Amino acid sequence: MYVSGYGGKVLLHATSDVRSRGRGPIEVHGQRNGPRSMKVTQRIYKVGGGHITVRTGASLHFTDVGSYFGGSYWKVHQLARFELRPALPGGGLGEVVRTSPKLNYCLRDLERTRPGKGSPSHAYYPGCNQDPRIKRDTLGTSVGWSDIYPADYDKQYIDVTGLRGCFDFTMTVDPKHHLFESNEHDNSSHRRVRLPFTGASC
């Protein structure tokens, strides 16, 4: 995490790490349904072989991240969300006070963060497609692999201008529960931060 100033605002940047930790990969298939969007089905691989395909509430959006980061990519809409909540004296958390503008993320094999049984030794799912003309697309993350975005990537921040005190910085994967998972209880990670931010925890 780090802070930057922009146009009189204070932005708290954070790295994100979307990990695939189930027994099978997370794999989604997009089919064009608009100028910059695709509807999404999910392929779930069966233990004994084969797979099933299920409809989801997810979508792919052709997302502009700026020329510095490569232009536009097909990404999963609302795949993850940053939120900031005040830490209360009794140990609880208050209501969400700020969120990140970033909603769209790839699913890809960027780094093998938990090698082991069922985790391929080499990347299988590539980076996001940049062709605006395609009619179909496949994105995914293999077992034991992660899709990681550095803190200085496009929109990896929350605007914390004017905030003071102790807060809980939360990243939640699939906050709208559009995708099917074997475990829905490991989707959030937390870090307690003190604002103005100096790197010290509360």
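Let's start with T141: its relative accessibility is 1%, so T141 counts as buried (buried means under 20% relative accessible area, exposed over 50%, partly exposed in between, with a 1.4 Å probe and protein chains only). This is a predicted model, where local features need pLDDT of at least 70, side-chain atom pairs count only at pLDDT 80 or more, and totals for chains, interfaces and linings use all residues. Residues are numbered from 1 along each chain as its sequence is written, and side-chain values use heavy atoms, leaving out hydrogens and water.

Where does T141 sit? You'll find T141 in strand β11, residues 136-141 (strands are DSSP runs of E, at least two residues, numbered from the N terminus). Beyond its neighbours within four places in sequence, T141 is in contact with several residues, among them S20, R108 and Y125 (contact means heavy atoms within 4.5 Å).

Now for the rings. A pair of aromatic rings is described by the distance of the centres and the angle of the planes. Rings of Phe, Tyr and Trp (its six-membered ring) pair if their centres lie within 6.5 Å; planes under 30 degrees apart count as stacked, over 60 as edge-to-face and the rest as tilted. The count comes to seven aromatic pairs. In one, F69 and Y153 have ring centres 4.6 Å apart and planes at 50°, so the pair is tilted. F69 lies in the loop between β6 and β7 and Y153 in the loop between β12 and β13, so this pair ties together parts 84 residues apart in sequence. F69 is partly exposed at 22% relative accessibility, while Y153, at 13%, is buried.

Definitions and conventions: Helix = DSSP H or I, 4+ residues; strand = E, 2+ residues; numbered from the N terminus.
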